[in-house]
Amino acid sequence: MSERDATIIKKYANRRLYNTGTSTYVTLDDLGEMVKAGENFEVIDAKSGDDITRSVLTQIIFEQESRGQNLLPVNFLRSLIGFYGDQMQALVPSYLEVSMDQFALEQDRLRSEWAKTVSTTAIDAINDQVQRNMEMWQRAARMFSPFPVDEEHAEEIDAAQQSLRAGNAAHGEIDALKRQLAELQARLDALSKTESGGGS
């Protein structure tokens with residue numbers, strides 16, 4: 001949309017903002033959403049007819065910053081203030097505009113790389129969880145044996161229980177394994193008592 005096609009927002013003395021495109025009153029938050037949506041607009045002082053777009057956009061930034069959504073580092077703000085009245089002041093707007101345009105061009109690639117990083121991390125976490133589950137199942141399978149408890153089985157039971165505590169108890173398979181381990185412990189205890197009674 002060209003500057004000529006920009007929606008006119010009128011600002012009245014009572015600070016109310018009127019969108020002439022929709023014939024409704026709007027807020028600074030509404031204008032912020034319009035900016036994010038890529039809608040072009042100009043803010044005109046209803047009384048003087050002056051273009052006050054810059055000051056209104058600055059006010060939107062101030063509102064966002066005051067809510068804790070900080071995009072402007074303190075050192076950047078200090079540097080920016082330092083350029084006011086400086087002989088380099090005329091170059092700052094062009095430099096900032098070019099920098100932001102370049103960042104806008106790169107943002108799709110940056111978002112894609114960020115999504116890739118998050119996705120890889122998630123896949124690694126899932127793979128780790130699957131590996132832990134498989135190890136617990138293997139331990140349980142080895143322990144299903146009609147022999148009394150010995151030191152090796154006791155260590156395996158203890159290791160499996162520790163793995164269960166470290167795993168994600170929300171998974172149904174882990175809950176099932178807990179039940180199976182309890183049943184196995186009961187069976188091994190019963191077998192141990194039977195052998196002790198038989199040997200006396």
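**View 1. Lys36 and Glu33 form a salt bridge (a side-chain nitrogen of Lys or Arg within 4 Å of a carboxyl oxygen of Asp or Glu), with their closest N and O atoms 3.8 Å apart.** Both residues belong to helix H1 and sit 3 residues apart, about one turn of the helix. Helices here are DSSP runs of H or I with at least four residues, strands are runs of E with at least two, and both are numbered from the N terminus. Lys36 is exposed, at a relative accessible area of 66%, while Glu33 is partly exposed at 48%. For these words, buried means under 20% relative accessible area, exposed means over 50%, and partly exposed lies in between, using a 1.4 Å probe and protein chains only. Please keep in mind that this is a predicted model, in which local features need pLDDT of at least 70 and side-chain atom pairs count only at pLDDT 80 or more, whereas totals for chains, interfaces and linings use all residues. Residues are numbered from 1 along each chain as its sequence is written, and side-chain values use heavy atoms, with hydrogens and water left out.

**View 2. Asp29 and Arg67 make a salt bridge, with 3.0 Å between the closest N and O atoms.** Asp29 lies in helix H1 (residues 28-36) and Arg67 in the loop between H2 and helix H3 (74-83), so this pair ties together parts 38 residues apart in sequence. Asp29 is partly exposed, with a relative accessible area of 37%, and Arg67 is partly exposed too, at 45%. The structure holds 2 salt bridges.

**View 3. Glu65 is buried and has no salt bridge.** This residue is found in helix H2 (residues 53-66). Which side chain of opposite charge is nearest to Glu65? That is Arg67, 11 Å away; in this count Lys and Arg are positive, Asp and Glu are negative, and His and the chain ends are not counted. Leaving aside residues up to four places away in sequence, Glu65 touches Asn70, Leu71 and Leu72, where contact means heavy atoms within 4.5 Å.

**View 4. Four strands form an open sheet in the order S3-S2-S1-S4, with mixed pairing.** Strand S3 (24-26) and strand S4 (41-45) stand at the edges with a single partner strand each, so one side of each has no neighbour in the sheet. From one strand to the next, the twist averages 35°. Strand S1 (residues 7-11) pairs with S4 in the parallel sense over 5 bridges; two strands pair if DSSP finds at least two bridges between them. Within S4, Phe41 is the bridge partner of Thr7.

**View 5. Helices H1 and H2 lie across strands of the sheet.** H2 lies across S1 and S4, at about 110° to S4. Axes are lines fitted to C-alpha atoms, for helices over the stretch in contact, and angles run from 0 to 180 degrees between N-to-C directions.

**View 6. The largest nonpolar core has 11 residues in all, including Ile9, Leu31, Phe41 and Val56.** A nonpolar core is a set of buried Ala, Val, Leu, Ile, Met, Phe, Trp, Tyr and Cys residues joined through side-chain atoms within 4.5 Å. H1, S4 and H2 each supply at least two residues of this core, and H1 gives the most, with 3 residues. Not counting residues up to four places away in sequence, Ile9 touches several residues, among them Leu17, Val26, Leu31 and Val43.
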